[in-house]
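Please read it alongside the sequence and the structure shown here.

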Amino acid sequence: LDILKAGDYTCVMTDGSETVTSKERGVHPLIKLYDSKKDFSAFSAADKVIGKAAAMVYVLLGVKEIYSLVISDAAAEVFSRNGITFYCDKKVPRILNRTNTGFCPMEEAVKDIDNPYDGLNAVREKLKALNNQ
């Protein structure tokens, strides 16, 4: 958590000897980590904002615990259902988009999905669609 705040990172993962950081926003860094096929089961994570989409990717990464500054109710439910211990400073009903004019598009993409693999696929499709706009 100290690394997250001190380095102005968006997410930090560590197992005590190795630390992985990112300043990228959204789910991008998590998907890159998932695609790396690395075993993160011994890692703990700290993240600025976790919505349901990011929570699903963290489940697939296999992290053991997570700390977040802000977490959505749906993300908390994903962690609880998948046995991941989480801590947060603030819990909110939904994550908003970057302009605060509506819900986060990633949250919208997974709102009716419970399976993390299906969630990841929905997120990838949404990212493709947004990149093509």
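## Cysteines

A disulfide is a pair of cysteine sulfur atoms within 2.5 Å. A search of the whole structure finds zero disulfides. The sulfur of C11 is 15 Å from the closest cysteine sulfur, which belongs to C104, and this is too far for a bond. C88 is likewise in no disulfide, its nearest cysteine sulfur being that of C11 at 17 Å.

C11 has a relative accessible area of 4% and is buried, whereas C88, at 28%, is partly exposed; buried means under 20% relative accessible area, exposed over 50% and partly exposed in between, with a 1.4 Å probe and protein chains only.

## Basis of the model

This is a predicted model, in which local features need pLDDT of at least 70 and side-chain atom pairs count only at pLDDT 80 or more, while totals for chains, interfaces and linings use all residues. Residues are numbered from 1 along each chain as its sequence is written, and side-chain values use heavy atoms, with hydrogens and water left out.

## Aromatic pairs

Searching the whole structure gives two aromatic pairs. Rings of Phe, Tyr and Trp (its six-membered ring) pair if their centres lie within 6.5 Å, and planes under 30 degrees apart count as stacked, over 60 as edge-to-face and the rest as tilted.

The ring centres of F40 and F43 are 5.0 Å apart with planes at 70 degrees, so this pair is edge-to-face, and both residues are buried. For F79 and F86 the centres are 5.9 Å apart and the planes at 40 degrees, so that pair is tilted. F79 is buried at 0% relative accessibility, while F86 is partly exposed at 22%.
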